[in-house]
Amino acid sequence: MTLAIALFDNFWVLLTVKLLAVVLVLIGFSLVIIYAELKIMAHMQARIGPWFAGGRYGWAQPLADALKFLQKEDLVPLEADSPVFRIAPAVSLMSTVAVFVIVPFSPTLIAEDLDLGVFYALAVGSIGTLGVLMAGWSSANKYSLMGGLRAAAQLIAYELPMVLAAAAVVVQAGTMSMAGIVDAQGPDALFTIPGTDIGLPFVMVGQIVAFVIFMIAALAELSRIPFDMPIAESELVFGYLTEYSGIRFTMFFLAEYAGMFAMSAIATTLFLGGWYFPGLNPSVFGPAVMMAKVSLLVFVMIWVRVTWPRLREDQLQSAAWRYLIPLALGNILVTAVLKVVL
Amino acid sequence: MTGFDPTLAMHHSETQVSVELQTPDMTLNLGPQHPSTHGVLRLVAKVDGEKVEEIEPVIGYMHRGYEKLAEVRTYPQITALVNRIDWVSGFCNEIAFVTAAERLMGLEVPGRAQYIRLILTEMTRISSHLLFLSSYPLELGAATPMMLAVRDRERVLDLIEGVTGGRFHPNFNRLGGVKPAAGGGATQKKLAQDLPAGFLQDTRDAMVHVLGVCDEIDGLITGNEIFWERTRGVGVIPADKAMEFGVSGPNLRGSGVRFDLRKVEDYLPYGDFDWEVPAGTEGDCYDRYLVRMEEVRQSVSIVLQAIDKIPSGPLQAKVPRVIKVPTGEIYVRAENPKGEMGYHIVSQGGRVPYRVKIRSASYSNLSILPWLLKGALVPDIIAIMGSLDFVLGDVDR
């Protein structure tokens, strides 16, 4: 017992445990999201989807896919810039994993409650695009190059609205700490249902615009339909992923789905009240509440993918700069004024 | 001591500071292996960033020499060949050819055979257009319409298969009628195989599903803002340009020209039915999409009317056992799902044609691509190419 406590007092041991936990949760939940997407898409499209792998409802399909990818040869094109080509998937996956450090699953279950949590999440999250750009640039393939450049151009379009949308929440909450933001929607809520002490999430008290902008930008960051121009399989074959195979492709693949989880977790924390649900003890039910809210957002993302076609790169730019950024700025203005007045 | 030369002392970058940075155009090679080229079309595009400066289609990867092959085959054998020209509308390809040969021979096709031909032609048109309605949104990134359209296209293909025995390549037409009375003579006296039992009722049911899937796709895509952004005002073909390039079929009608060979020519009894020729106004990708959507509905209407009116009678006119086509020359054209399909047959009185010139719709429709894609963006290449709805088998023959 004392040994265990001593072990957990050690910084390095604790760090390793935390990292392992984050990575395992991440991979586990990504597999769940992949399965959910296969199944939900199938049912929305009058198909059955995975059925045989695992014996029942094809539950083992993501595992089977992962195993298959692991067996594939890891090809590096002869002309490719080999070191960059090899590092790129890791950069992409790393940025997604790093976001999980500040995601609060309950008042105590948080890897590291940084004072600049929101800032950190947005900054680290956009490193992923660097990985995409590296992949596109180093592949020695014109389609990959165009895909990578599109991803870079996309970054310019969505990053500002996303940051501005989050900034409005920060203004309203008065803190950048993720735990603090959840507190401001739950136990220490600024706005409650009159007569009770039930806190309202920010999406219900004025930040609906910011929420929508954030989700649009999140879809763009994740390169998912309707913003999957960097991949655009009907135009660019497979965009920056064209030359990737085997484990490196899997890392990009995982990064996309872990990214869905990460962006949904951030959005849940910022707008939906994180682990807080009135009447449920957060230290027991916190993680479950959080997962339920995250799943809801993930479902919306899948739903959007099934429903909509893809935009063009210039149309995303014009939508972002002409509508989303002014809207987000106006939203900050209104939030700030109301914050002072109320 | 040598003199000081200031130009040598300057770093070479300073001497070039006034030179404008040159960004050479990139040559992007789309295809012949590419997800969106409908087969083996190759496009060599000079792109400046994502903007297309110049584009050149390279065709011929699928050339099978059907015109030459037709010179060494008897007329009944050629119907098996022409099936494979535009493989998503195999049945329609046969119609113009057999009609041309029949006219040279002076054969009168019985009414029931004509109606069966007409019903199957329209069902093939429905299946071809449903394929467009599935692949076009997919090329723009929407995956769901594909699943829905293909699901109900399968019902139509099943029916075609039930009658003809082939899903894609029916090879069902015979000179003077339809299978099985091929060759006439003794076979005609045998029990003539007619439409399968229940075919007419099954077709009615399938048509309900086809209309249903059209509404579903309408609800998903037609009013979608993103779909509008991608297709409206993109790839505009003015009516005069369309005619200059010999564009035909739904692509021509999308530009506002109400020209449909089913109304103009009389190769099948289309005059018996009440139907309209849909046409667009702008000539952009969206109009071409809408025209095809409406054509499916019109075809459904034609099929339903034809089922009600189908006469009884023989399936086959009396034809000699050895088919010899009299000397002569004829051009017969028909409205294929992709546009005008025509055969120019020159006969010197033998069992094989002297020469068959095939005018296929996709070949002419494709010819507008270099003009149309100039100045487009790379994503628009796909949007425009998809909206022209060509089949490479139809281009290369």
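Modeller: What follows goes through the contact between the chains, then some helices and single residues.

Colleague: What kind of model is this, and how are things numbered?
Modeller: This is a predicted model, in which local features need pLDDT of at least 70, side-chain atom pairs count only at pLDDT 80 or more, and totals for chains, interfaces and linings use all residues. Residues are numbered from 1 along each chain as its sequence is written, while chains are lettered from A and ligands numbered from 1 in the order in which they are written.

Colleague: How many residues does the contact take from chain A and from chain B?
Modeller: There are 21 residues from chain A and 27 residues from chain B in the contact. Two residues are in contact if their C-beta atoms, placed from the backbone, lie within 7 Å.

Colleague: Which helices of chain A supply at least two residues each to the side that touches chain B?
Modeller: Helix H11 (282-307) and helix H12 (313-341) of chain A each do. Helices (H or I, at least four residues) and strands (E, at least two) are DSSP runs, numbered from the N terminus.

Colleague: And how do the residues on that side of chain A divide?
Modeller: The side of chain A that touches chain B has nine nonpolar, four polar and eight charged residues. Here Ala, Val, Leu, Ile, Met, Phe, Trp, Tyr, Cys and Pro count as nonpolar, Asp, Glu, Lys and Arg as charged, and the others, Gly among them, as polar.

Colleague: Staying with H12(A), at what angle do H7(A) and H12(A) pack?
Modeller: Helix H7 (residues 142-173) of chain A packs with H12(A) at an angle of about 10°, and their axes are 8 Å apart. Axes are lines fitted to C-alpha atoms, for helices over the stretch in contact, and angles run from 0 to 180 degrees between N-to-C directions. H7(A) and H12(A) are therefore roughly parallel to each other, a term for angles under 35 degrees, with over 145 counting as roughly antiparallel.

Colleague: Which residue classes are in the contact of H7(A) with H12(A)?
Modeller: That contact of H7(A) with H12(A) has 18 nonpolar, five polar and three charged residues.

Colleague: How do H4(A) and H6(A) cross?
Modeller: The axes of helix H4 (residues 82-99) of chain A and H6(A) come within 7 Å and cross at roughly 160°. H4(A) and H6(A) are therefore roughly antiparallel to each other. By class, the contact of H4(A) with H6(A) has 12 nonpolar, six polar and no charged residues.

Colleague: Pick a residue in H6(A). Is Leu133(A) buried or exposed?
Modeller: Leu133(A), which is found in helix H6 (residues 127-138) of chain A, is buried, with 24 other C-beta atoms within 10 Å. A residue is buried if 20 or more other C-beta atoms lie within 10 Å of its own, exposed if 12 or fewer, and partly exposed in between. Leaving aside neighbours within four places in sequence, Leu133(A) is in contact with Gly148(A), Ala151(A) and Ala152(A).

Colleague: Now the loops of chain A. Where is Ala140(A), and what is its phi?
Modeller: Ala140(A) lies in the loop between H6 and H7 of chain A. Its phi is near 60°, a positive value in a residue other than glycine. Ala140(A) counts as partly exposed, with 15 C-beta neighbours inside 10 Å.

Colleague: And Tyr57(A)?
Modeller: Phi of Tyr57(A) is near 55°, also a positive value in a residue other than glycine. Tyr57(A) is in the loop between helix H2 (11-44) and helix H3 (61-71) of chain A. With 15 other C-beta atoms within 10 Å, Tyr57(A) is partly exposed.

Colleague: Which residues does a cis peptide bond join?
Modeller: A cis peptide bond joins Ile225(A) and Pro226(A), with omega about 10°. Pro226(A) is in the loop between helix H9 (208-221) and helix H10 (246-271) of chain A.

Colleague: On to chain B. How many helices and strands?
Modeller: Chain B has 18 helices and eight strands. Of its 397 residues, 50% are buried.

Colleague: What about H5(B)?
Modeller: In H5(B), 14 of the 16 residues are buried. After H5(B) comes Gly106(B), whose phi is positive, near 70°.

Colleague: Last one: what does Ser135(B) touch outside its sequence neighbours?
Modeller: Beyond four places in sequence, Ser135(B) is in contact with Met146(B) and Gly386(B). Ser135(B) lies in helix H6 (residues 111-139) of chain B and counts as buried, with 20 C-beta neighbours inside 10 Å.

Note on methods
Angles under 35 degrees count as roughly parallel, over 145 as roughly antiparallel, 65 to 115 as roughly perpendicular and the rest as oblique.
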